[in-house]
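Please examine the sequence and the structure below together. The numbered points that follow are meant to be read with both in view.

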Amino acid sequence: MIASNLEKILSELPQGVRLVAVSKFHPLSELQEAYAMGQRCFGENRPQEFSLKAVQMPQDVEWHFIGHLQTNKLKLVLPYAHLVESVDSVHLLDAIQNWAYIHDRNIRILLEVHIGAEETKQGFRPEEVLELLSDLSQYPNIVFCGLMGMASHTDDKEAVAADFARIKSLFDHCRDSFPQLTSFRELSIGMSDDWRIALAHGSTEVRIGTAIFGPRSVAGMK
Ligand SMILES: *Cc1c(COP(=O)(O)O)cnc(C)c1O
C-alpha cells in the first residue's frame with residue numbers, strides 16, 4: 001500500500017514540489033518501505049520519536065521537524081533536522097539561535113503562521129512575521145527558509161482555499177519586501193486532505209502522512 005500510495009502522489013506533484021512523508025506514529029519498518037521506494041524526506045512531530053528514528057534510518061534521509069518544539073527538547077531535534085518547519089514563537093527562535101551559536105551550526109527554519117480559524121493553533125500572525133523579518137540581526141545562526149501553515153480543520157474547501165490564499169499572499173509579500181533573504185523560498189502548505197488545494201496556491205512542499213501510511217494508531221508507536 002505504501003508503495004502505491006507514494007507512487008500515486010508523486011505522479012501528481014509538479015516538478016519542484018517536495019514531498020515530506022509524515023511518518024509520525026508509524027513504525028520504522030514503514031519508513032524503510034518508503035525509503036526503499038526512493039523517498040528521502042520524512043517529517044516527524046515528537047522530539048523523542050524524531051531522534052530515535054533519525055539515528056536508525058540511513059544517513060541520507062532529510063529530516064523535517066513539524067511539531068511543537070519545547071526549548072528543553074532542542075538537543076533531540078536540532079542535531080538531525082534539515083529543516084525545523086514549526087517555529088512558532090520568538091522564545092523558540094531565541095533558544096534555537098542560542099543552541100546554534102554554541103554548537104557552531106546554522107539551523108534552517110520555517111516560520112509557522114497562524115492561518116486557520118482555530119483559536120488554539122500555534123504560530124505567528126502575519127504582522128508579526130513581517131516585523132520579525134525586518135530585523136534579523138539577533139539571528140546570525142538561523143537561516144529563514146520560508147513559511148509553514150495549516151488550514152482550518154474543515155470540509156469547506158473554500159475556507160481552506162482562503163487560508164492558503166492568505167499565507168501565499170504573505171509569502172509573496174515577504175519575498176518582495178526582503179529580497180536580501182535569498183533562502184526564503186519555501187511555502188510548506190498542504191496535508192493529506194488538502195494538498196491539491198495547496199498546490200493551486202503555490203505550495204513548494206506538501207506534508208503528507210495518512211494518505212501515504214494510512215491512519216495513525218492512537219496507541220502511539222506500534
Ligand atoms: C501530522 C501532520 C501532517 C500530516 O497530516 P496528514 O493529515 O496525516 O497528512 C502535516 N503537517 C503537520 C504539521 C502535522 O502535524
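1. In strand β2 (residues 41-44), F42 is the bridge partner of A21. This pair belongs to the parallel pairing of β1 with β2, which has two bridges; two strands are said to pair if DSSP finds at least two bridges between them. Helices (H or I, at least four residues) and strands (E, at least two) are DSSP runs, numbered from the N terminus.

2. A word on the basis of this note: the model is predicted, local features need pLDDT of at least 70, side-chain atom pairs count only at pLDDT 80 or more, and totals for chains, interfaces and linings use all residues. Residues are numbered from 1 along each chain as its sequence is written, and side-chain values use heavy atoms, with hydrogens and water left out.

3. Strand β1 (residues 18-22) also runs parallel to strand β8 (residues 205-208), to which four bridges join it. Within this pairing, L19 stands opposite V206. Four of the five residues of β1 are buried, so the strand is largely enclosed by the rest of the structure. Here, buried means under 20% relative accessible area, exposed means over 50%, and partly exposed lies in between (1.4 Å probe, protein chains only).

4. β1, helix α2 (residues 28-36) and β2 form a right-handed β-α-β unit. The crossover is called right-handed if, with the strands pointing away from the viewer, the path from the first strand over the helix to the second runs clockwise.

5. Which residues of α2 are buried? They are L28, E30, L31, A34 and Y35. These residues cover an arc of only 160° around the axis, which puts them on the same side of α2; the arc is that of the directions from the helix axis to the C-beta atoms. They pack against α1, β2, α3, β3 and α9, where contact means heavy atoms within 4.5 Å. Q32, also in α2, is partly exposed, with a relative accessible area of 39%. The helix is followed by G38, whose phi is positive, near 105°.

6. Helix α1 (residues 2-12) has I2, N5, L6 and I9 as its buried residues. Seen down the axis, they fall within an arc of 95°, so they line one face of the helix. An α-helix has 3.6 residues a turn, so residues three or four places apart point the same way. On the other side of α1, E7 and S11 are exposed. The buried residues of α1 pack against β1, α2, α8 (195-200), β8 and α9 (210-213).

7. In helix α3 (residues 47-56), the buried residues are P47, E49, F50, S51, K53 and A54. The elements that cover them include α2, β2, β3 (62-65), α4 (74-77) and β4 (81-87). In the loop between β3 and α4 lies L69, which is buried, with a relative accessible area of 3%. Leaving aside neighbours within four places in sequence, L69 is in contact with P47, L74, V77, V84 and L92.

8. The largest nonpolar core has 65 residues; such a core is a set of buried Ala, Val, Leu, Ile, Met, Phe, Trp, Tyr and Cys residues joined through side-chain atoms within 4.5 Å. The largest share of this core, seven residues, comes from α7. The residues with the most contacts inside the core are F42, L111, L133, F144 and L147. Not counting residues up to four places away in sequence, L147 touches several residues, among them L110, L111, I167, F171 and F184.

9. Two polar residues in loops also deserve attention. S152, between β6 (142-149) and α7 (157-177), counts as buried at 10% relative accessibility. A polar contact of 2.6 Å joins the side chains of S152 and D163. A polar contact is a pair of N or O atoms within 3.5 Å; within protein, one must be able to donate a hydrogen and the other to accept it, and residues adjacent in sequence count only if both atoms are side-chain atoms. N141, in the loop between α6 (126-133) and β6, counts as buried at 11% relative accessibility. The side chain of N141 reaches the backbone oxygen of R105 at 3.0 Å.
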